[in-house]
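Here is a walk through one protein chain, residue by residue. Keep the sequence and the 3D view side by side as you read.

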Amino acid sequence: MPCCSPRITALIRATLAVLLLGGAATARSADPLPAVDVSPVKKLEAPSALPANWKHGAFVEIFVRSYQDSDGDGKGDLRGLISRLDYLRDLGITGIWLMPITESQDKDHGYAVANYRSVDRDYGTLADFDELLRQAHARGIGVIIDYVINHSGGMNPLFVNSNDSPKNPYRDWYIWRNKAPDGWNIYGQDPWYDGSHGVYFAGFWSQMPDFNLNNPKVVAYHLDNLRFWLNRGVDGFRFDAVGHLIENGPAAWENQKENHALMGKVREVVMGYPNRYMVCESPAASRAFAMPQSCDSAFGFPLQTSLVTAATGDSVAIEEVAAFWQTSPLTMASFLSNHDAFAGDRVWDQLAGDRAQYRLAAASNLLLAGTPFIYYGEEIGISGATKLQGDPRLRTPMSWTGDKATGGFTSGKPYRPLSSNVAKNNVAAAQAAEDSLLAFYKSVIALRKSRESLMRGKHERVVAAGRILSTQRVLPNERSVVIFNYGSKDATANLQHLPAGATLRALWPRGGAKFSASSKGGASVPMPKQSFAVFAVESPAAAH
């Protein structure tokens, strides 16, 4: 049933009165429409507490509902996350991306936003969020939050008003037609749904109606919302579904040129605050959004599939990784998995628990990217939940201990089944083992942070040769070489275009052999099977 047909408008209003306005559950259909807050927000001084290069370190993506429960209700919250900030600092990350924390209709993933200027009650309060920022900044960690610009929840007061009548002043804040146009199909669904006196457009789900982003008032509203959070000290945003912002017809509903102009306006607001960061999601056009006139930074789809597959020794995937970094701006963000099933299973499940391959995939993500993202729990190798399917399978509670009932996530009953390998792959067990995945992640993140060229150096000479991939990460005053042997046999990496006579000093593995470049800038480096190496390139004068 469509979410907002006339006969259930009264039910929506009653539900809103309870969920959003704290009103009586007996609200009548004659009750007034819910109030909306579209008040303008002026820019305030909000200096950054972070070092300039924080955005080039490793980030962790966190689903607050599944990270740490502080009050025993079985759902994660901001206070629980605050209690785990020391763990994240010790991991070495410099940024956190929070999946939506705003008040939501769906009460789970959060992308059906009910109120853009509040924190979901399950997670806490704005004061809790302010405290999270203060505590994270004190540890040198930035916090970016998910922002849903394409659509709202169907119970958002703005849409309830829009759905009320064609004469409602918020009617054109969403996309309405008198009747459903022909020829539309988005992900196998007709995106037009019955509403009040017409049909409305919802590209993802009937409960997620799309904003009319051709309406300047709607754009101004979103920019005000961004200032609301930036004024509080948030360090940036991850923007959801930016390829879907403007639709120009049934054959032109994704990645339209107008999207870039819109995100350019957004970027002006975000970057008008010092030392902020934004990254956009557009699986079908990642590189296009990673341009300065658009988002500037975007997630690298489908690099994540190539990175994981390359770790198995697949030569085609290795070539894909090389080609990606040969042609992509360094502002691309990389990841191995995330909260969406379309991006693949948890890494542990994709690689069937093969730890050697897992380490290669992790190091590839951390050492090749402009900004690498780690999905929470990836650093300990948690798996999906066998009792769940789709996205929920990937969004299980964090495995802090081996307790099969709670995983150390809550003192109550977890709201969702735990990861299937919680008994073995958990933080407590990983911290007790010197050779754990967690120890590996800490070491490689520390290596990345130890070299500015590994943090933000451009790629030169990205070469795939068989199962060897090599690249030089270069800044004007620093050069590093990164080599991977993804194969199951020992091999030799033949490097070219190094500074003549330079010395390659081993950074990884620690205590590794030094190598010298020839007068023509060539060097041969033996690589054991399923290994990687990192070298500092030093000029002959510096080497002596």
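R89 is partly exposed, at 38% relative accessibility. This is a predicted model, so read each value as computed from it. R89 forms a salt bridge with D86, and their closest N and O atoms are 3.3 Å apart. Both residues sit in helix α3, residues 85-91. They are 3 residues apart there, so about one helical turn separates them. D86 is partly exposed as well, with a relative accessible area of 33%. Side chains of opposite charge can pair when their charged atoms come close.

How many salt bridges does the structure hold? The count is 25. R456 is partly exposed, with a relative accessible area of 39%. E452 is partly exposed at 26%.

Another salt bridge joins K458 to E460. Its closest N and O atoms are 3.6 Å apart. K458 counts as partly exposed at 48% relative accessibility, and E460 does at 24%.

Now turn to an arginine in helix α13, residues 390-394: R393. Is R393 buried or exposed? At 18% relative accessibility, R393 counts as buried, because the cut-off for buried is under 20%. A polar contact of 3.3 Å joins its side chain to that of D349. Beyond its neighbours within four places in sequence, R393 is in contact with D345, D349, G384, A385, T386 and L388.

Cysteines come next. A search of the whole structure finds 1 disulfide. It joins C280 to C295, with an S to S distance of 2.1 Å. The pair links distant parts of the chain, 15 residues apart. C280 lies in strand β10 (residues 277-280), while C295 lies in the loop between α8 (286-289) and β11 (298-299). The link of C280 and C295 is left-handed, with -90° about the S-S bond. C280 is buried, at 0% relative accessible area. C295 is buried too, also at 0%.

Finish at the surface. Y187, F204 and W205 form a nonpolar patch there, with about 330 Å² of accessible area together. Y187 lies in the loop between β6 (176-177) and β7 (192-195). With a relative accessible area of 52%, Y187 is exposed.

Notes:
Residues are numbered from 1 along each chain as its sequence is written. This is a predicted model: local features need pLDDT of at least 70, side-chain atom pairs count only at pLDDT 80 or more; totals for chains, interfaces and linings use all residues. Side-chain values use heavy atoms; hydrogens and water are left out. A disulfide is a pair of cysteine sulfur atoms within 2.5 Å. Helices (H or I, at least four residues) and strands (E, at least two) are DSSP runs, numbered from the N terminus. Buried means under 20% relative accessible area, exposed over 50%, partly exposed in between (1.4 Å probe, protein chains only). A polar contact is a pair of N or O atoms within 3.5 Å; within protein, one must be able to donate a hydrogen and the other to accept it, and residues adjacent in sequence count only if both atoms are side-chain atoms. Contact means heavy atoms within 4.5 Å. Patches are made of residues with over 30% relative accessible area and no salt bridge: like charges are joined within 9 Å, nonpolar side chains (Val, Leu, Ile, Met, Phe, Trp, Tyr) within 5 Å. Accessible areas come from the Shrake-Rupley method with a 1.4 Å probe; for residues, only the protein chains shown count as cover. A salt bridge is a side-chain nitrogen of Lys or Arg within 4 Å of a carboxyl oxygen of Asp or Glu.
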